[in-house]
Each structure stands twice: as structure tokens, then as C-alpha cells.
Amino acid sequence: MTHPGFEAQLDAYVDGELATVDARDLEAHLAQCPECARFRQERLELRAAIKARVPAFEAPAALRERVRVAVGAAAGARAPRRFAVRGVWRPLALAASLAVVAAGSWRLALQRAAGETLADDVLASHIRSLLPGHLTDVLSADQHTVKPWFNGRLDFSPPVYDFAARGYPLLGGRLDYVDGRSVAALVYGRRHHLINVFLWPAGRGPTAAPASETRQGYHLLHWATADYTYWVVSDLGLPELGDFAGLLRQADSATGAPK
């Protein structure tokens, strides 16, 4: 048996489609040729990887019967029925697997695009809030004043904290509109910088967005907890903004608020 002949028959062999006589000849060759034995092992590993990672789809019985009839009419008695049918199903299965991969890539691309659009919307809301008279609806450094203000204005009660002792005082809050929904916006200060914290219940809208990015000189931090989606936006330096985001996470954990 030549090496090209071996490679041509290997797929049929590993699928159990090779005639008994030819299979014995191939096995005898494998026993004497380490190179071909390695090739077989690589092919088996590839086959196992594809089987493990690519979902299999069972064709409807009606489709399977139509394929059998078509193959039988084309091949006649020249090829064994089992070999012909399985030979047809292999490219069909490959086509189905490629379709699944393509659909998954398409969905991922849509999710990323939605995340990018959401980031644009959050940044636009932040910039809009910097216009005169748009920063707060309730101007207060008291978290016990800001939190109740949202009652009846939103269908959730946002957690509100004051970090004045850590250099990030609460300035107030407002209603904002992001990605087609009403959200809570909490405003904090850091020297001459303003920090907007946008939050809304988790599971509403896209979440496939970068955890940290910079646009137009503004830093955006994003994370999602079991109950809320958070976006923090400011022109404050990224290290300090990261510290502020850490304070939010710690406060949630310490008070037992949704996290």
C-alpha cells in the first residue's frame, strides 16, 4: 500500500466504512509504518475534537429517506448502500456545522455592536448632563435624601452611597434615559471632576461591552452584577476612577445590597 493510497482510505477506515479486506491491508501497513501510524493518530484526534466541539444535528426522517432514494438512484448497485448513504451524510454534517459556527459568529457580532451602541448612549448621556441645569434632579449630599427621591419614579430602588470620607462626595441624582429605558444616574465629585454612575436592573438590554474603554477623553467603566448593570463615566484619571468603582463594589458587599 502506498502512502497516498493510505491517506485516501483513512477517513473511510476510521468511520468503519472500509471493506474488511482493505481494512486488514491498512492495519498491516500501520503496524509496519510509524509515519502512517502517527498520521492516523492525528486524524483520530482531529475527529474527536470536532465531535466534542461541534454540535451534531439529526436530520428529519423524511429528509433522510429522500437522500437515500436519490443516492440509490444515482449509484445503483455499484456501491454498497451503507457506504453511499454515510458518504453523503458527512458533507451534510459538515455544512450544518459550518452553518452553526456562522450563526454563532453572527450573534456575537450583533451583541458586540449592541454593546458599542450602548456605550455611545451612556457617553452621550454623560456629556449631556454637563450642560447647565442638566446635572441633577435632586441636589443633595445626603444618601438618605437621594435614594427616596427615586421612589415612584423608577420601577427599582437604586443603591445610593456617599464616599465623601474617601474623597468622592455624593452630589445628587437624576433620572436619565439610556438605550430606550429610564435609568438612575448618581452624581459624585472628585476635586473639579464629575462622575456619573448609571445603573439599572440586570438583564435589561445588551451587556457585551468592554469593561473599560476611553472615548473622546472620557473613561467608561462597565460591570454587571446579579441584580444591576453599572456604567461609571468621567474625565477623572483612570486609576482614581478605578478606585471609585472599587468603592462601589465594596459598599454593595458590605451592606448586603445586590451585587
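**Exercise 1. Find the salt bridge that R215 forms with D120, and work out which parts of the chain the pair ties together.**

Solution. 
- Step 1: Start with the criterion, a side-chain nitrogen of Lys or Arg within 4 Å of a carboxyl oxygen of Asp or Glu. For R215 and D120, the closest N and O atoms are 1.9 Å apart.
- Step 2: R215 belongs to strand β5 (residues 212-215) and D120 to helix α5 (residues 81-129), so the bridge ties together parts 95 residues apart in sequence. Helices (H or I, at least four residues) and strands (E, at least two) are DSSP runs, numbered from the N terminus.
- Step 3: Check accessibility, where buried means under 20% relative accessible area, exposed over 50%, and partly exposed in between (1.4 Å probe, protein chains only). R215 is buried at 13%, while D120 is partly exposed at 43%.

A friendly note on the model: it is predicted, so local features need pLDDT of at least 70 and side-chain atom pairs pLDDT 80 or more, while totals for chains, interfaces and linings use all residues. Residues are numbered from 1 along each chain as its sequence is written, and side-chain values use heavy atoms, leaving out hydrogens and water.

**Exercise 2. Where do E240 and R190 lie, and are they buried or exposed?**

Solution. 
- Step 1: E240 forms a salt bridge with R190, with closest N and O atoms 2.9 Å apart.
- Step 2: E240 sits in helix α7 (residues 238-255) and R190 in strand β3 (residues 181-190), distant parts of the chain 50 residues apart.
- Step 3: Both E240 and R190 are buried.

**Exercise 3. How many salt bridges does a search of the whole structure find?**

Solution. 
- The search finds seven.
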